[in-house]
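Subject: Handing over the structure

Hi,

Here's the structure I promised to pass on. Have a look at it first, then read on for what turned up.

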Amino acid sequence: MNRTTKHLLLLCSALACAPAAWAQSATTTFDVTLTIAGVCAIDTVAPTGVAFGTQPSTATNVDAAGQLNVNCTPGLAYNIALDAGQNDGGGGVASRAMAGDDDLVPYQLYQDAARSVVWGETVGADTLAGSGTGDLQAIPVYGRVPSANFQAGSYLDTITATITY
């Protein structure tokens, strides 16, 4: 090894062991934030109507079911109300009826399959309470026509479902 190479190796060794003058640092902190608003949607997927089908006029206690679909923020409390429909005659949810040519056929909507809990529109009294899961929740709507003893024809009512959260 020549003298110049030895000096270069010695210089390189010395530089490798010497503390670097530029090896200083400073730190700071910053926040990462997100605000999530609680939300519920009752129209995410179209509801399935309560269709009683074709029945003889002698039929009684004709049952059918439909379905609402809700999607709410996980843990968010909600209430679902069903109004009295378009043919209640001012009697509220207790006098729901489907209209035909000349008749009104009474029916009722319920929260349970046993058809014992009428579904109405007064929060805390007759609405359906639930809690969001973050996933689509299928909410059944149970219906009953007590008697089909009316004129032959087609009958219809339209219900408005409202979710409060």
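Let's start with the sheet. Four strands form an open sheet, in the order S1-S2-S8-S6, with antiparallel pairing. A strand here is a DSSP run of E with at least two residues, numbered from the N terminus, and two strands pair if DSSP finds at least two bridges between them. S1 and strand S6 (108-110) are the edge strands, each pairing on one side only.

Before going further, note that this is a predicted model: local features need pLDDT of at least 70, side-chain atom pairs count only at pLDDT 80 or more, and totals for chains, interfaces and linings use all residues. Residues are numbered from 1 along each chain as its sequence is written, and side-chain values use heavy atoms, with hydrogens and water left out.

Now walk across the sheet. S1 and S2 run antiparallel and are joined by two bridges; alanine 41 has asparagine 71 in S2 as its bridge partner. Next, 11 bridges join S2 to S8, again antiparallel, and here alanine 64 is partnered by glycine 143 in S8. S6 and S8 are antiparallel too, with three bridges, and glycine 143 is also the bridge partner of leucine 109.

What forms a disulfide in this model? Cysteine 40 and cysteine 72 do, with their sulfur atoms 2.0 Å apart (the rule is a pair of cysteine sulfur atoms within 2.5 Å). The pair links distant parts of the chain, as cysteine 40 sits in strand S1 (residues 40-41) and cysteine 72 in strand S2, 32 residues apart. The torsion about their S-S bond is about 125 degrees, so the disulfide is right-handed. Both cysteine 40 and cysteine 72 are buried, meaning under 20% relative accessible area with a 1.4 Å probe, protein chains only.

Last, the largest pocket, which has a volume of about 790 Å³. A pocket is an open set of points on a 1 Å grid over the protein atoms alone, where a 1.4 Å probe fits, with protein on both sides within 12 Å along at least five of seven lines; lining residues have an atom within 4 Å of a point. The largest pocket is lined by 34 residues, and the closest to its centre are Val50, Ala51, Phe52, Met98 and Tyr155. Strand S2 (60-72) and strand S8 (136-147) each supply at least two lining residues, and S2 gives the most, with four.

Cheers

How values were computed. Grid points are joined across faces, edges and corners, and a volume is the space filled by probe spheres set on the points. Buried means under 20% relative accessible area, exposed over 50%, partly exposed in between (1.4 Å probe, protein chains only).
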